[in-house]
Each structure stands twice: as C-alpha cells, then as structure tokens.
Amino acid sequence: MEINDIIIRAEKETDYETVHNLVAESFSSATHTDGDEHNLVDRIRKTDEYIPELSLVAVYEDKIIGHIMMSKVYVRDQIGLALAPLAVLPEFQRSGVGFSLVREAHKRALKQGYGFSVVLGSPGYYSRFGYTAASAFGIKPTFEVSDEYFMVCKFDVNVLEPGIVEYSKAFGL
C-alpha cells in the first residue's frame, strides 16, 4: 500500500456501522484502552459537540481502514477540539494512515477557525503533530492523569487561556 493511494474524506451516515466496527477492532489489542472507544464515537455523534466535517475516514481500495474524530471542548469561553479517538485497522497500523488522518483533521480544523486541540495519548506519537503537555499552558482535565499524557496542540498561537477542559457529556467525565 502506498500512502498516496489513500483517500481521506468526511464520514457519511452510511459509514457509521463500518466505523463502529473499525474502531472496536483497532482498539481490541491496544495497551491503554477502556474498550469503549467505538461506543464513544456513537455517543459523540448524538451531541452538540459533534462536528461532521471533522469526523474523517481513510479509504484504501474502497475499504475504510482508518477513522479520526474531533469534537468540541470548552476551556472557559474558548471552543476547541478533542482528538478522540484515532483508529486504524491493525493490518494498516504503522503505515502512515494515522499520521495522514491527524494532519488532515488539523488542516480542516484550522480552516474552520478552531485554535487548539487536546488529546489524551502517547507523547511519543502525538508530539510529532505539535502536541505538548497541556499543563505548560495551564490547561487541566477534569480527571486524574499524568501530565505527559494530557496534551494540547495550538493551531493559533494567540488562543488558549488557562482553564479546565470541559468535554462533551458523551465522554462520561
């Protein structure tokens, strides 16, 4: 597979079941998971924080092989994004699909005027996209987590005042 052969597009309603199964399969062997990521995607779609234009799929040879979702979060009076989840079918992991999905989601988020994104994940992976410890900006989650795993990426250097991130109720936080 060549990364140039992948098409990234917004998901369609007809993709929902495929995405649900893809997310479940991609997290089935993950080290850090609560096993609920596929249901989280379904729950987010039913909220005001869902942004259809920022729920993207990666398609290879007419098959959906990856998915990324970004939904609204709030820090005081600022609206940003949460990157959650990012999923790639196991046989396509470590081939650049996730990288391409994150880059495209960031590009589209910036075009839509969002200034930042938060993520709970591996610093080794997400630092490649400009994510750094959120605590460095005075950004805190509503849950307990090691500083290095809760990160923020600023798309616009002029945004993001210190505060607590409020996620969609779909996250159950």
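A charge sits over a ring if NZ of Lys or CZ of Arg is within 6 Å of the ring centre and within 35 degrees of the ring normal. Select R45 and Y16 to see a case: R45 lies over the face of Y16, at 3.8 Å from the ring centre.

Before going further, note that this is a predicted model, in which local features need pLDDT of at least 70 and side-chain atom pairs count only at pLDDT 80 or more, while totals for chains, interfaces and linings use all residues. Residues are numbered from 1 along each chain as its sequence is written, and side-chain values use heavy atoms, with hydrogens and water left out.

**Stop 1: the core**

Select L83, V118 and Y131. These are the residues with the most contacts inside the largest nonpolar core, which has 57 residues. A nonpolar core here is a set of buried Ala, Val, Leu, Ile, Met, Phe, Trp, Tyr and Cys residues joined through side-chain atoms within 4.5 Å. Buried means under 20% relative accessible area, exposed over 50%, and partly exposed in between, with a 1.4 Å probe and protein chains only. In soluble globular proteins, nonpolar side chains tend to be buried together.

Now colour the elements that give two or more residues to this core: α1 (16-27), α2 (37-44), β2 (50-60), β3 (63-75), β4 (78-88), α3 (97-111), β5 (116-120) and β8 (150-154). Of these, β2 gives the most, with 8 residues. Helices (H or I, at least four residues) and strands (E, at least two) are DSSP runs, numbered from the N terminus.

**Stop 2**

Keep Y131 selected and show its surroundings. Leaving aside residues up to four places away in sequence, Y131 touches M70, L83, H106, S117, V118, V119, Y126, M151, V152 and C153. Contact means heavy atoms within 4.5 Å. Y131 is buried, with a relative accessible area of 2%.

A pair of aromatic rings is described by the distance of the centres and the angle of the planes. Rings of Phe, Tyr and Trp (its six-membered ring) pair if their centres lie within 6.5 Å; planes under 30 degrees apart count as stacked, over 60 as edge-to-face and the rest as tilted. By this rule the count comes to 9 aromatic pairs. One of them joins Y125 and Y126, edge-to-face at 5.0 Å centre to centre with 85° between the planes. The rings of Y126 and Y131 have their centres 5.8 Å apart and their planes at 80°, so this pair is edge-to-face. Y126 is buried at 10% relative accessible area, whereas Y125 is partly exposed at 26%.

**Stop 3: helix α3**

Select 97-111. α3 has 15 residues and reaches 21 Å from its first C-alpha to its last, close to the 21 Å expected at 1.5 Å a residue. The expected span is 1.5 Å times one less than the number of residues in the helix. Which residues of α3 are buried? They are V97, G98, L101, V102, E104, A105, H106 and A109. These pack against β1 (7-10), β2, β3, β4, α4 (123-126) and β8. After α3 comes G113, whose phi is positive, near 95°.

**Stop 4**

Move to 16-27. α1 has 12 residues and reaches 17 Å from its first C-alpha to its last, close to the 16 Å expected at 1.5 Å a residue. V19, L22, V23, S26 and F27 are buried in α1. They cover an arc of only 115° around the axis, which puts them on the same side of α1. The arc is that of the directions from the helix axis to the C-beta atoms. The buried residues of α1 pack against α2, β2, β3 and β4.

In α2, select E37, H38, L40, V41 and I44, which are buried. Their arc around the axis is only 160°, which puts them on the same side of α2. What covers them includes α1, β2, β3 and β4.

**Stop 5: backbone details**

Select A84 and P85: a cis peptide bond joins them, with omega about -10°. P85 is found in strand β4.

Then go to R76, in the loop between β3 and β4. R76 has a positive phi of about 60° although it is not a glycine, and counts as exposed at 54% relative accessibility.

Finish at R94, in the loop between β4 and α3. R94 is also not a glycine, and its phi is positive, near 65°. At 82% relative accessibility, R94 counts as exposed.
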